[in-house]
Amino acid sequence: MDDTTRDALRRSLGTRARRWLLAGTLLAGLLTAVALVATAAPADRTFVDLSGAVQGLMSVATPLFGILLVHDPRPEAAVVPTVPGVLLPAVVIGVAGVVICAATLALGPADGAADPWRHTGTVAVGSVLVQVVAGLVGTGLGLLLRSRVVAFLATIVLPLGLFGLLEAVGALRPAQPWLTPFGSVRNLLSGEMSVLRWAQWLCVLLIWGVGLNALGAAVRGRRHP
């Protein structure tokens, strides 16, 4: 690992503001899990249901870490090594979300679903992958757009806008899990993965993770040759 990559990893959570952002993200996930366990019907108190809500909520904030990282005032830093830097908070958020959901479910009311821990392993892996893609979306749009605020709004508007557009056209609806992060998130957090669904997630990763960051790196390189 070269010095630039090590520096990107350190800077991903190296400021007080980013540590507070991480704490706030995890707190929001915890409060959501507690509220769901306290108010949901017994049949809905499952690891799958909790993860869908908790990881989905936290994934809204995850791209912000990548955006902040690539907008650091470090003109001498290389563009591409910032991508590994954003994986650190994404993995931390994903793993912490798994722990939050598991602990909340285990400590919650005893009269839960018949099989509350069904698909736990698959959903746990999927939770981390959801946050990784979210973080890479933030990095890519952060590289493309000069404004942090615009980039953060774009991480919400662009994926959901594309999902809504495909939803509105019945013939295009099957393309949602192939082309949109939200479509693959629903699959990953359902726990019911298949070879086809893994292929769909890989396609989303290539588009929104690899492709978007490659485009962003090229644009940033043209701005700062």
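Author: One term is needed at the outset: two residues are in contact when they have heavy atoms within 4.5 Å. By that criterion, and not counting residues up to four places away in sequence, Glu-192 touches Arg-118, His-119, Asn-187 and Arg-197. Please note that this is a predicted model.

Reader: Where is Glu-192?

Author: Glu-192 sits in the loop between α8 and α9, the latter covering residues 195-223.

Reader: And is Glu-192 buried, exposed or in between?

Author: Glu-192 is partly exposed, because its relative accessible area is 43%, and that class runs between the 20% limit for buried and the 50% limit for exposed.

Reader: You listed His-119 among the contacts. How many residues apart along the chain are Glu-192 and His-119?

Author: They are 73 residues apart along the chain, and their C-alpha atoms are separated by 7.3 Å. His-119 belongs to another loop, the one between α4 (82-107) and α5 (120-144).

Reader: What is the phi of His-119?

Author: Phi of His-119 is near 65°, which is a positive value in a residue other than glycine. His-119 is also partly exposed, since its relative accessible area is 25%.

Reader: Let me step back to the whole chain. How many helices and strands are there?

Author: The protein chain has nine helices and zero strands. Read from the N terminus, the order of elements is α-α-α-α-α-α-α-α-α.

Reader: What share of the residues is buried?

Author: Of the 225 residues in the protein chain, 46% are buried. As for the surface, the chain exposes about 10900 Å², and carbon and sulfur atoms supply 71% of that area.

Reader: What part of the contacts comes from residues 24 or more positions apart?

Author: Among contacts with a separation of 6 or more, such pairs account for 76%.

Reader: Changing topic: which residues make the nonpolar surface patch?

Author: Val-60, Val-149, Leu-153, Ile-156, Val-157, Leu-160 and Phe-182 make a nonpolar surface patch of about 600 Å². Helix α6, residues 148-168, gives the most to this patch, with five residues.

Reader: Take Val-149. Is it buried or exposed?

Author: Val-149, which lies in helix α6, counts as exposed because its relative accessibility is 57%, and the class begins over 50%.

Reader: How many salt bridges are there?

Author: The structure holds one salt bridge. Arg-173 forms it with Glu-167, and the closest N and O atoms are 3.7 Å apart.

Reader: How exposed are those two partners?

Author: Arg-173 is partly exposed, because its relative accessible area is 37%. Glu-167 is partly exposed as well, with a relative accessible area of 32%.

Reader: How many cavities of 30 Å³ or more does the structure hold?

Author: The structure holds one cavity of 30 Å³ or more, and the volume of the largest cavity is about 30 Å³. This cavity is lined by Leu-129, Val-130, Val-133, Pro-181, Ser-184, Val-185, Leu-188 and Trp-201.

Reader: Which element gives the most to the lining of that cavity?

Author: Helix α8 gives the most, with four residues. Both α5 and α8 (181-188) supply at least two residues each.

Conventions
Residues are numbered from 1 along each chain as its sequence is written. This is a predicted model: local features need pLDDT of at least 70, side-chain atom pairs count only at pLDDT 80 or more; totals for chains, interfaces and linings use all residues. Side-chain values use heavy atoms; hydrogens and water are left out. Buried means under 20% relative accessible area, exposed over 50%, partly exposed in between (1.4 Å probe, protein chains only). Patches are made of residues with over 30% relative accessible area and no salt bridge: like charges are joined within 9 Å, nonpolar side chains (Val, Leu, Ile, Met, Phe, Trp, Tyr) within 5 Å. Accessible areas come from the Shrake-Rupley method with a 1.4 Å probe; for residues, only the protein chains shown count as cover. A salt bridge is a side-chain nitrogen of Lys or Arg within 4 Å of a carboxyl oxygen of Asp or Glu. On a 1 Å grid over the protein atoms alone, a cavity is a set of points where a 1.4 Å probe fits but cannot get out, and a pocket is an open set with protein on both sides within 12 Å along at least five of seven lines; lining residues have an atom within 4 Å of a point. Grid points are joined across faces, edges and corners, and a volume is the space filled by probe spheres set on the points.
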